[in-house]
Amino acid sequence: LIVSDPDIARIQGIVGKQMSLFDYAHHNYIPEPNELTPEERRIINQNMGGFATASIDAGISAAIGELARSASENITVQGARHIDLSVLNSNDNFIFLGSPVSNPWSSMFNDQLDFLFLNDPTLSGGRIQNLHPGPHEELWYNETPKGQALGEESAIVAFVQNPGHQGQVLLLAGESGQGTKAAGDLVTDLPRLSAELQRCGI
């Protein structure tokens, strides 16, 4: 289970650009440092450790760990910033928490998804594009602008293949932490998950 990297999401918010998986995997967290102000560099340096864990990820990890124990399985948990491609180059199964902004590794599986996260500078948050809209489905799912007391938020739950390997990958990603929590709550509530899959004809 690979938990998200909230510090890297914070860094991207400061620089105003989404980090590529290539840069993240090669620990190139600030591609153009000369464009930053001294204050921005100071804040980024305070968030370079990569040891922070989102409290929502901790809760999801505990719930998944409990399900694993009930099935006599073991789950190991690692931070997104502390793995490399060699970890994924295996036939193991993986669970990734967080969108490509907070867990860039999840973007490795974009070509297998029907829904993709896209950063849109005109919105306060992200938006999700539906690549293959079905009946009664939207082409875009947008986060409710921040500052509104009530609103809607979307999340992606995807079960895909680890390319070139036998292992499976489960992606749980929301537009923010609350969306990821909703995805985690769904997949760890097995009766509810079963009912929702049946509604989708799965």
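This is a predicted model: local features need pLDDT of at least 70, side-chain atom pairs count only at pLDDT 80 or more; totals for chains, interfaces and linings use all residues.
I'll start with the pocket. The largest pocket holds about 1,800 Å³ of space. Its lining consists of 47 residues, and those nearest the centre are V157, A158, L170, V187 and L193. By class, 30 of the lining residues are nonpolar, 10 are polar and seven are charged.

Which elements supply at least two residues each to that lining? On the helix side they are α4, residues 55–70, α6, residues 177–188, and α7, residues 190–199. On the strand side they are β3 at 94–97, β5 at 126–130, β7 at 155–161 and β8 at 168–174. The largest share comes from β7, with six residues.

Next, the nonpolar cores. The largest one has 26 residues. The members that touch the most other members are Y24, F96, W105, V169 and L171. Two or more residues of this core come from each of α1, β3, β4, β7 and β8, where β4 is 115–119. Another core lies apart from it, with 13 residues, including L1, I60, I95 and L186.

V169 is worth a look by itself. Leaving aside residues up to four places away in sequence, V169 is in contact with F94, F96, F109, A158, F159, V160, Q161 and N162. F96, in that list, is also among the core members that touch the most others. A158, also in that list, is one of the residues nearest the pocket centre.

Staying with β8, the next residue is G174, which is in that strand. Is G174 buried or exposed? G174 has a relative accessible area of 4%, so it counts as buried. Beyond four places in sequence, G174 touches S99, F117, E153, S154, A155, G179 and T180. There is also a glycine pair to point out: G174 and G184 are 10 residues apart along the chain, and their C-alpha atoms are separated by 9.6 Å.

Now towards the start of the chain. S4 sits in the loop between β1, residues 2–3, and α1, residues 6–15. Its relative accessible area is 6%, and because the limit for buried is under 20%, S4 is buried. What does the side chain of S4 make a polar contact with? The partner is the side chain of D57, at 2.5 Å. D57 is also one of the residues that S4 touches beyond four places in sequence; the others are A52, A54, A80, L97, G98, S102 and N103.

Just after α1 comes G16, with a positive phi of about 75°.

That leads to backbone angles. Most residues other than glycine have a negative phi. H27 has a positive phi, near 60°, and is placed in the loop between α2, residues 21–25, and α3, residues 38–46. H136 also has a positive phi, about 65°, although it is not a glycine. Where is H136 found? H136 is in the loop between β5 and β6, the latter being 140–142. With 86% relative accessibility, H136 counts as exposed.

Key. Residues are numbered from 1 along each chain as its sequence is written. Side-chain values use heavy atoms; hydrogens and water are left out. On a 1 Å grid over the protein atoms alone, a cavity is a set of points where a 1.4 Å probe fits but cannot get out, and a pocket is an open set with protein on both sides within 12 Å along at least five of seven lines; lining residues have an atom within 4 Å of a point. Grid points are joined across faces, edges and corners, and a volume is the space filled by probe spheres set on the points. Helices (H or I, at least four residues) and strands (E, at least two) are DSSP runs, numbered from the N terminus. Ala, Val, Leu, Ile, Met, Phe, Trp, Tyr, Cys and Pro count as nonpolar, Asp, Glu, Lys and Arg as charged, and the others, Gly among them, as polar. Buried means under 20% relative accessible area, exposed over 50%, partly exposed in between (1.4 Å probe, protein chains only). Contact means heavy atoms within 4.5 Å. A polar contact is a pair of N or O atoms within 3.5 Å; within protein, one must be able to donate a hydrogen and the other to accept it, and residues adjacent in sequence count only if both atoms are side-chain atoms. A nonpolar core is a set of buried Ala, Val, Leu, Ile, Met, Phe, Trp, Tyr and Cys residues joined through side-chain atoms within 4.5 Å.
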